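The questions below go through a protein model step by step. Look at the sequence and the 3D view first, then read on.

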Amino acid sequence: MQYEKSCGAIVFRKYHGNTELLLIKHANGGHWSFPKGHVENGETEIQTAMREVKEETGIDIIVDFSFREIVTYSPKKDTQKDVVYFLAMAKNYNYTPQPEEISQIKWVEISRVHSILSYDNDRQLVNHVKPIIKDSY
């Protein structure tokens, strides 16, 4: 069994009284999800999440250290992958997709993201961050 680890963030912003989440569409596979990527040597989980969000979207983030959740799945036979997600607030709102990996990026109102996200485990993450964003921001 091979083991992989990635880190990413559920990035949000408050915009015209609404809470919006940053969603990316992967060029390979065409699925909608959150920015994430592999941990590089010497990086902490938070450093990885911040770097990956910046590389994939051009957005800088402020990480909320109180939210850390792991999603485990099998991307291919004999491989287990853990993805550590943090909650993060966007410092800037204009995005630039990383052309090799990301085909599309959009800000989506939090009540609409369930219909766009491709995977149930991502929808569960949204359910977990909703009350935190509502109560803390």
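A residue is called buried when its relative accessible area is under 20%, exposed when it is over 50%, and partly exposed in between. The model is a predicted one.

Q: Are R51 and E52 buried or exposed?
A: The cut-off for a buried residue is under 20% relative accessible area. R51 has a relative accessible area of 15%. For E52 the class is the one found for R51, as both residues are buried.

Q: How far apart are the N and O of the salt bridge between R51 and E52?
A: Side chains of opposite charge can pair when their charged atoms come close. The cut-off for a salt bridge is a nitrogen within 4 Å of a carboxyl oxygen. The side chains of R51 and E52 meet this rule, with an N to O distance of 2.9 Å.

Q: R51 and E40 also form a salt bridge; how many residues apart in sequence are the parts that the pair ties together?
A: The side chains of R51 and E40 meet at 3.5 Å, N to O. R51 lies in helix α1, residues 45-57, while E40 lies in the loop between β4 and α1, so the pair ties together parts of the chain whose separation in sequence is eleven residues.

Q: Is E40 buried, partly exposed or exposed?
A: Partly exposed residues fall between the 20% limit for buried and the 50% limit for exposed. The relative accessible area of E40 is 43%. E40 is therefore classed as partly exposed.

Q: What is the N to O distance in the salt bridge between K54 and D60?
A: K54 has 39% relative accessibility and counts as partly exposed. D60, at 32%, is partly exposed as well. Their side chains meet in a salt bridge, N to O, at 3.2 Å.

Q: What span does α1 reach from its first C-alpha to its last?
A: α1 has 13 residues. At 1.5 Å a residue the expected span is 18 Å. The helix is close to this value, as it reaches 18 Å.

Q: Which strands are included in what covers the buried residues of α1?
A: The buried residues of α1 include A49, V53 and T57. They are covered by parts of the chain that include β1, β2, β4, β5, β6 and β7.

Q: Which residue in the turn between β5 and β6 has a positive phi of about 65°?
A: Strand β5, residues 61-73, and strand β6, residues 79-90, run antiparallel and are joined by ten bridges. The two strands form a hairpin with five residues between them. The residue in the turn with this phi is D78.

Q: With which side chain does the side chain of K81 make a polar contact?
A: K81 has its place in strand β6. The residue is buried, with a relative accessible area of 10%. Among the residues it touches are E4, H38 and V71. The polar contact, at 3.5 Å, is with the side chain of S6.

Q: Which backbone nitrogen does the side chain of N92 reach at 2.8 Å?
A: N92 is found in the loop between β6 and β7. Its contacts include G58 and D60. A polar atom of the N92 side chain lies 3.3 Å from the backbone oxygen of G58. The backbone nitrogen reached at 2.8 Å belongs to D60.

Terms used
Residues are numbered from 1 along each chain as its sequence is written. This is a predicted model: local features need pLDDT of at least 70, side-chain atom pairs count only at pLDDT 80 or more; totals for chains, interfaces and linings use all residues. Side-chain values use heavy atoms; hydrogens and water are left out. Two strands pair if DSSP finds at least two bridges between them. Helices (H or I, at least four residues) and strands (E, at least two) are DSSP runs, numbered from the N terminus. Buried means under 20% relative accessible area, exposed over 50%, partly exposed in between (1.4 Å probe, protein chains only). The expected span of a helix is 1.5 Å times one less than its number of residues. Contact means heavy atoms within 4.5 Å. A polar contact is a pair of N or O atoms within 3.5 Å; within protein, one must be able to donate a hydrogen and the other to accept it, and residues adjacent in sequence count only if both atoms are side-chain atoms. Lists of a residue's contacts leave out its neighbours within four places in sequence.
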